[in-house]
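Trainee: I would like to go through the labels used for this protein and see what each one rests on. Can we start with the surface?

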Amino acid sequence: MTGPRTSGKKRANGVESRQRILDAAVAIAGERGYDGTSIAAVSARCGLPASSIYWHFRDKDDLIAAVIERSFETWLAAVELPGEEAGTPLDRAVIMAANVAKSLVNEPDFLRLGLMLALERRPEEPRSRTVFFQVRHIARQRIEEVVRFVLPQLDDDAVRFLTTYAIAGADGLFVQREFNGDSVDLVEMFQFHARLVYETGLRMAAESAR
């Protein structure tokens, strides 16, 4: 009969194996993209047999979707506006932007893989692409909430417009860092971008009040 200690050890080993598989998939997908990633390559990288990978994930697409979800959870935790003790609404938005940039530097897989998948068109829609769009929608909702809180003068249309602008700018800055590496200080760029978005929001509010 399997005791609690044995069951707990099996669960711990299962969690560790899953993380090893995801880490290997991240590394390979970063080097080779979606098409170049295979279960065989992930198996060779993580040192676990293909049967172990299939025990955790149905196929390569399910694995890549899990990579995106794991990275997204880290990113989403950073999209949290600091409390009032952090200063003015602008100060708080700039701090949040810096935290988001740091999360993307440390865990870029959500956006890197997601953007690659989003720009591709395939006869069959990969689950990983669908997952990216789903988590992207959650991200947009979170950023809309922040914009609405920091700039309460704006109406719903203006909030949606400014959110689209903020996300597009952040995507572009991320891509620039992918092109140019560490020569692009993503934290500094995101802080600068946050200030521009905030100032733009103030101008939009002033114009609508006229």
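Mentor: Start with the rule for patches: a residue qualifies with over 30% relative accessible area and no salt bridge, and nonpolar side chains are joined within 5 Å. Keep in mind that the model is predicted.

Trainee: What makes Y165, F192 and L196 a nonpolar patch?

Mentor: Tyr, Phe and Leu are among the nonpolar side chains that the rule joins within 5 Å. Y165, F192 and L196 form such a patch on the surface, with about 290 Å² of accessible area together. F192 is found in helix α9, residues 186-209.

Trainee: Why is the contact between D171 and R136 called a salt bridge?

Mentor: The cut-off is 4 Å between a side-chain nitrogen of Lys or Arg and a carboxyl oxygen of Asp or Glu. In D171 and R136 the closest N and O atoms are 2.3 Å apart, so the pair meets the definition. The pair links distant parts of the chain, with D171 in helix α8 and R136 in helix α7, 35 residues apart.

Trainee: Why is D171 called buried, and what is R136 called?

Mentor: Buried means under 20% relative accessible area. D171 has 15%, so D171 is buried. R136 has 23%, which falls between the 20% and 50% limits, so R136 is partly exposed.

Trainee: How do you know that R45 and E31 form a salt bridge?

Mentor: Their side chains meet at 3.1 Å, N to O, and the limit is 4 Å, so the pair counts. R45 lies in helix α2 (residues 39-46) and E31 in helix α1 (residues 4-36), so the bridge ties together parts that are 14 residues apart in sequence. E31, with a relative accessible area of 52%, is exposed, because the label applies over 50%. R45 is partly exposed at 39%.

Trainee: What about D156 and R148?

Mentor: Their closest N and O atoms are 3.4 Å apart, so this pair too is within the 4 Å limit. D156 counts as partly exposed at 43% relative accessibility, and R148 counts as partly exposed at 32%. The structure holds 11 salt bridges.

Trainee: What makes the lining of the largest cavity nonpolar, polar or charged by class?

Mentor: Each lining residue is classed by its type; Ala, Ile and Met, for example, count as nonpolar. The lining has 22 nonpolar, one polar and three charged residues. Among the 26 lining residues, M96, I143, A166, A170 and H193 lie nearest the centre. The largest share, seven residues, comes from α7. The volume of this cavity is about 470 Å³.

How values were computed
Residues are numbered from 1 along each chain as its sequence is written. This is a predicted model: local features need pLDDT of at least 70, side-chain atom pairs count only at pLDDT 80 or more; totals for chains, interfaces and linings use all residues. Side-chain values use heavy atoms; hydrogens and water are left out. Patches are made of residues with over 30% relative accessible area and no salt bridge: like charges are joined within 9 Å, nonpolar side chains (Val, Leu, Ile, Met, Phe, Trp, Tyr) within 5 Å. Accessible areas come from the Shrake-Rupley method with a 1.4 Å probe; for residues, only the protein chains shown count as cover. Helices (H or I, at least four residues) and strands (E, at least two) are DSSP runs, numbered from the N terminus. On a 1 Å grid over the protein atoms alone, a cavity is a set of points where a 1.4 Å probe fits but cannot get out, and a pocket is an open set with protein on both sides within 12 Å along at least five of seven lines; lining residues have an atom within 4 Å of a point. Grid points are joined across faces, edges and corners, and a volume is the space filled by probe spheres set on the points. Buried means under 20% relative accessible area, exposed over 50%, partly exposed in between (1.4 Å probe, protein chains only).
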